[in-house]
Amino acid sequence: MSRGGTLERAAVLHAPEDVRVQEVEPEPLRPGAVRIAVAATGLCGSDLHYYADGRNGPNVLRTPTVLGHESAGSITEIGDGVDPDLLGRLVAAEPARPCRRCETCASGRYNLCPAGRCFGSPPTHGTIRSSVVVDAELAHAVPQNVDPAEAALVEPLAVACWAARRAGIVSGSSVLVTGAGPIGQLAVAAARAAGAARIVLTDVDPRRLASAAGAGADEVLDTSADQLPTGFDHQLECSGAPEALAPAALVPGGVLALVGVPAGRAPSPELLAAAQRWEIDVRGCFRYGPGAFRAAVGMVRAGRVDLARMVTGRFPLEQTGLALHTALTDRDHLKIAVLSEEDA
Ligand SMILES: [Zn+2]
Ligand SMILES: [Zn+2]
């Protein structure tokens, strides 16, 4: 167990393609928080952006930062005021660090906190290390028998659950999911769990399409040459590509939920015109709001999502650089997990 005074191991990004596994001070435990011995961290697109370019959108790496935000592990220490029953529990860590003092936080929409930070978003250190400290309510217990590399996928699954919630998917909905990366594939499962009757998943990348076959959609379509299909109640846009924004995809009164980070190219102006004429609701989805992790854990508990199929690679913490390089260059991988040692 790592605790104050003993150094622990962490994968620190110093500059693009310069990851060093080194000794760091463990974060001190605080009242109301728990220490998690990190077992696994899933690599995500944002980690790859920082690794490749030293930046993710407007956020730039300026000081050496520990990467990673999709993590799971066991609680090894609890701060004052925390339920002792949590000791030893396997949890997925919610990486958001809202300020809890501003009006946005007070309104409950803590994922939109203007002062909010997030694990692995420089300069806030991430989870590819021996231990992390999170507020107890952000440590979400998962069944003890779940593989930690799969439990780490509760974080992107929470993104998918939040998108389904924001899109208002209900029993009988028809849903178009554009983008068959990990988030798009998990969005299929979240839409199904929310009651969707028909789900079509699209992409333009043959390797993504091949791995999407097991995602649980009623149909997987290659739209590299064709238009998007039409007539859906809801669209979960998980690709960020402007080509995935086609007004005809939705029925009048439909809902478009933007999950993928839009690429820096303009979408078609017809979309806004159609949004006005046909009352298409366009809703942004930023990470996850209240209840999304609970919904994601519920899906895992009920066996409503196959996370095992998504973990396609595992690397020890000492090889984090290789893990990032592999995730960046080998598009056959869906999700690579970095495994921290149990004892640093
Ligand atoms: Zn992520
Ligand atoms: Zn706040």
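Is Arg309 buried, exposed or partly exposed? Select Arg309: this residue is partly exposed, because 14 C-beta neighbours lie inside 10 Å. The cut-offs behind such words are these: a residue is buried if 20 or more other C-beta atoms lie within 10 Å of its own, exposed if 12 or fewer, and partly exposed in between, with C-beta atoms placed from the backbone.

The model is predicted, so local features need pLDDT of at least 70 and side-chain atom pairs count only at pLDDT 80 or more, while totals for chains, interfaces and linings use all residues. Residues are numbered from 1 along each chain as its sequence is written, and chains are lettered from A and ligands numbered from 1 in the order in which they are written.

**Around Arg309**

Arg309 sits in the loop between helix 8 and strand 19 (311-316). Helices (H or I, at least four residues) and strands (E, at least two) are DSSP runs, numbered from the N terminus.

Colour residues 8-153 and 307-339 as domain 1, then 158-284 as domain 2. These bounds come from an automatic or database domain assignment. The C-alpha centres of the two domains lie 27 Å apart. Seven residues from domain 1 and six residues from domain 2 make up the contact. Two residues are in contact if their C-beta atoms, placed from the backbone, lie within 7 Å. On the side of domain 1 that touches domain 2 there are two nonpolar, one polar and four charged residues. In this scheme Ala, Val, Leu, Ile, Met, Phe, Trp, Tyr, Cys and Pro count as nonpolar, Asp, Glu, Lys and Arg as charged, and the others, Gly among them, as polar.

**Helix 1 and helix 9**

Select residues 45-53 (helix 1) and 320-329 (helix 9). These helices pack at an angle of about 105°, with their axes 10 Å apart. Axes are lines fitted to C-alpha atoms, for helices over the stretch in contact, and angles run from 0 to 180 degrees between N-to-C directions. Helix 1 is therefore roughly perpendicular to helix 9; angles under 35 degrees count as roughly parallel, over 145 as roughly antiparallel, 65 to 115 as roughly perpendicular and the rest as oblique. Show side chains for Asp47, Leu48, Tyr51 and Ala52 in helix 1, which meet Leu324, Ala327 and Leu328 in helix 9. By class, the contact has six nonpolar residues, no polar ones and one charged.

Go to helix 8 (292-301). Which residues of helix 8 are buried? They are Ala292, Phe293, Ala296, Val297, Met299 and Val300. Because these cover an arc of only 155° around the axis, they lie on the same side of helix 8. The arc is that of the directions from the helix axis to the C-beta atoms. Turn to the other side of helix 8 to find Arg294 and Arg301, which are exposed. What covers the buried residues includes strand 8 (90-93), strand 12 (139-141), helix 4 (154-167) and helix 5 (182-193). Just after helix 8, Gly303 has a positive phi of about 70°.

Step back to the loop between strand 18 (281-284) and helix 8, where Arg287 is found. Arg287 is not a glycine, yet its phi is positive, about 50°. Arg287 is partly exposed, with 19 other C-beta atoms within 10 Å. Pro290 belongs to the loop between strand 18 and helix 8, and counts as exposed with 12 C-beta neighbours inside 10 Å.

**Glu94**

Select Glu94, in the loop between strand 8 and strand 9 (96-97). Glu94 is buried, with 26 C-beta neighbours inside 10 Å. Leaving aside neighbours within four places in sequence, Glu94 is in contact with Val134, Leu138, His140 and Phe293. The C-alpha atoms of Glu94 and Ala139 are separated by 6.3 Å.

**Two loops for backbone angles**

Glu17 is in the loop between strand 1 (8-15) and strand 2 (18-24). Its phi is near 60°, a positive value in a residue other than glycine. Finally, find Pro123 in the loop between strand 10 (117-118) and strand 11 (131-135). The peptide bond joining Pro122 and Pro123 is cis, with omega about 10°.
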